[in-house]
Amino acid sequence: MLDKVTTTANPQQVWDWLLRDEPLFILDLRNRDEFARWRVEGPHPPPTLNAPYFELLDLEGDEEDVTAAVMRGVRARLLPQLPAGRRILALCAEGNTSAYVAEGLRRLGFDAVNMAGGMEAWGNFYYAQTVEQNARYALYQVVRPARGCLSHVLVSDGRAAVFDPARHIEHYRQLAATLEARIERVLDTHLHADHISGGPALGAGGHIPYHLHPYDAIHPMDMLPARIDYAPLRDGETFRLGQAEIRTLHYPGHTLGMVAFLIDGRYLLSGDSLFLESIARPDLGGRAEAWAPLLYESLQRMSALPDTTVVLPAHFSDITVADGAGVFRTTLGELKRSNPGLRQLAGGREKFCAYILASLPEFPPAYVEIKRANAGLAAPDERTMQELELGRNICALTQAAGGQHG
Ligand SMILES: [Fe+2]
């Protein structure tokens, strides 16, 4: 029988190892196409080997013990590729087959653990980190590392506002409860395409205001109006939350109703306009040529904010840009120097738009359906939501193309 204490690791433990750069080796047993789509990554990428289970395991008969077959397969096919002196994390889709592999590896003398719940559990893992804590308010970043999704929670005087919540809303409720705060507002920077928003559910059908810009309360493809309870946001609109101020800034481009929230004049929740590594893609509404100039104007206006503004985006595409605590943030001044998309502004509108149109990544078909769900035009079940959200987000321009043009 497997000893649960030393032979399995949950996503939080794995994240802690990755953050501390502990000597880890990931043995990913999923099929090659699944591995290509997404995998366990950390700020210090560990060596990783994709060895599909069905290629590794060749049972000699129905009667053969699976662990014995794993040991035979490992000896025959994997042994030279496995490291000494590193803990091996065996990983599969749901954590079942990888348990046999971890056990087989242990019997062969390796320090091997199974990832409990597999990639499914990793995909649903979140952690929260403090971005700011002062006498008037505290700001937290909630990270979903597998998907590259970032949400934020602002707390002041026992009141909380949640920005861009993902669909596992219990994480935000729990965080608010831990901080002894009541969620008073829920705000989405835009109608998301890459993940199911937790906004409407957290708003509990109008019980707590759920804010969205009205231009995004419509599906951009079929032009159907959203069927959700939402409070429309206006450019320049300011909310008070306890002793903190939230200012709404309209920055169309990624979507027509894209907004950013400026907290205390200092922290810019930039949504999907400006990322740490790149800038937004303006094609998810199907009108890249029309929306690219809007993005140009928006980023011009955003650049006029003070260089000391701390940018907190809604996504990351490169996990290694996290700081030592696993927080994704940097100043606007730094981004003006380092962000390849933002640097393109200097070339003027025409060159900027040409750069954008040459840097568009693939358009994931699931994104049309996710927007439908977020607009309340479809109600996918849990299994469908899992499938729609498979893989990393692709809300930013591609890095490779950005490099060519940078
Ligand atoms: Fe987005």
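Reader: What makes two strands a pair in this predicted model?

Author: Two strands pair if DSSP finds at least two bridges between them. In this predicted model, β8 and strand β9 (residues 159-163) have 5 bridges, in the antiparallel sense. The cut-off is at least two bridges, so β8 and β9 count as paired. V153 stands opposite V162 in β9.

Reader: Which residue takes a positive phi in the hairpin of β8 and β9?

Author: D157 does, with phi near 50°; this hairpin has 2 residues between the strands.

Reader: How do you know that strand β7 pairs with β8?

Author: Strand β7 (residues 138-144) is joined to β8 by 7 bridges, and a pair needs at least two, so the two strands pair, running antiparallel. A138 stands opposite V155 in β8. Their hairpin has 4 residues between the strands, and there G148 takes a positive phi near 75°.

Reader: Why is β8 called largely enclosed?

Author: A residue is buried if 20 or more other C-beta atoms lie within 10 Å of its own. In strand β8 (residues 149-156), 8 of the 8 residues are buried, so the strand is largely enclosed by the rest of the structure.

Conventions
Residues numbered from 1 in each chain as written. Predicted model: local features only at pLDDT ≥ 70, side-chain atom pairs only at ≥ 80, totals over all residues. Buried ≥ 20, exposed ≤ 12 C-beta atoms within 10 Å, placed from the backbone.
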